[in-house]
Amino acid sequence: MGDRRPERPVFCGNFEYDASESSVLRLFERFGRVQRIDMKTGFAFVYMEDERDGQDAIRALDRTEFGYKRRLLRVEWAKKMEVTGKNQAPTNTLFVVNFDVRNTRESDIERFFDKYGPLARVEIKRNYAFVEYKEVDDAIEAQKRSHGGLMGGRTVTVEFVESSREKGGRDRSRSPPGGGRRRSPSPRGRGISPPGRYGRGS
């Protein structure tokens, strides 16, 4: 009888925002082979190779202390909506999270994304960033190729920003998926880069 591959990852949450992917890997690899980890900010999705290993990890790790603050972990099978999110229509602006906020600058993000096309704006907000392309097709290519990629040793999450929400700017924080609250970027009028900075390729 072959291994049973899980249809969904294990959700691991409530750890410190600066927790590393390697520390989460060490936590889970005691229970079996880890295929990959999709790190977010304060939580992660852990893809185990075998469903039984994932179940063992859930039983052993849920409500246990982790990190220098000894916070109690929440470990359970991820809900489908948490993993897939809502179907987002492509826009020319991307939401980027899980880069190293202490050592990453806007110029680093620019170098990571400008290979896919001319940029209109790069803006870091707290622990996330917006990357705006001049063309939607370039943003689509960038999201497809960079989501789950490595930036400074961290696995980044890259999603499309809803245009209506980015213009609204009512909510500056981002809640974890499945919480019922959608993120909302800050107003476009703040922190816009000087004209010409992203003029390459036009």
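Contact here means that heavy atoms lie within 4.5 Å of each other. Helices (H or I, at least four residues) and strands (E, at least two) are DSSP runs, numbered from the N terminus. Everything below comes from a predicted model, where local features need pLDDT of at least 70, side-chain atom pairs count only at pLDDT 80 or more, and totals for chains, interfaces and linings use all residues. Residues are numbered from 1 along each chain as its sequence is written, and side-chain values use heavy atoms, with hydrogens and water left out.

**View 1. Four strands make an open, antiparallel sheet.** Follow the strands in the order S2-S3-S1-S6; two strands count as paired if DSSP finds at least two bridges between them. Strand S2 (34–39) and strand S6 (74–77) are at the edges with a single partner strand each, so one side of each has no neighbour in the sheet. On average, neighbouring strands here are turned by 20° against each other, direction ignored.

**View 2. Two helices meet this sheet.** Helix H1 (residues 21–28) packs on the sheet and touches S1, S2, S3 and S6, with its direction at about 140° to that of S2. Helix H2 (residues 51–61) lies across S1, S3 and S6 and runs at about 150° to S6. For these angles, axes are lines fitted to C-alpha atoms, for helices over the stretch in contact, and values run from 0 to 180 degrees between N-to-C directions.

**View 3. Strand S1 is covered on both faces.** Val10 and Cys12 on one side, and Phe11 and Gly13 on the other, are all buried (under 20% relative accessible area; exposed is over 50%, partly exposed in between, with a 1.4 Å probe and protein chains only). Four bridges join S1 (residues 10–13) to the antiparallel strand S3 (residues 43–48). Look for Phe11 opposite Phe45 in S3, and for Cys12 opposite Ala44 in S3. S1 also pairs with S6 in the antiparallel sense, over four bridges, and there Gly13 stands opposite Arg74.

**View 4. The largest nonpolar core has 20 residues.** Such a core is a set of buried Ala, Val, Leu, Ile, Met, Phe, Trp, Tyr and Cys residues joined through side-chain atoms within 4.5 Å. Val10, Phe15, Phe28, Val46 and Val75 have the most contacts inside it, and S1, H1, S2, S3, H2 and S6 each supply at least two of its residues. Leaving aside neighbours within four places in sequence, Val46 has contacts that include Pro9, Val24, Val34 and Ile37. Apart from this core lies another, of 18 residues, including Phe99, Phe113, Val156 and Phe160.

**View 5. Helix H5 (residues 136–146) has buried residues.** Asp138, Ala139, Ala142, Gln143 and Ser146 are buried. They cover an arc of only 135° around the axis, so they sit on the same side of H5; the arc is that of the directions from the helix axis to the C-beta atoms. On the other side of H5, Asp137, Lys144 and Arg145 are exposed. Strand S7 (93–97) and helix H4 (106–113) are among the elements that cover the buried residues. After H5 comes Gly148, with a positive phi near 85°.

View 6. The pLDDT is the predictor's confidence in each residue, from 0 to 100. Its mean for the protein is 80, and 73% of the residues reach 70 or more. Where pLDDT is low, the predicted coordinates should not be read in detail.
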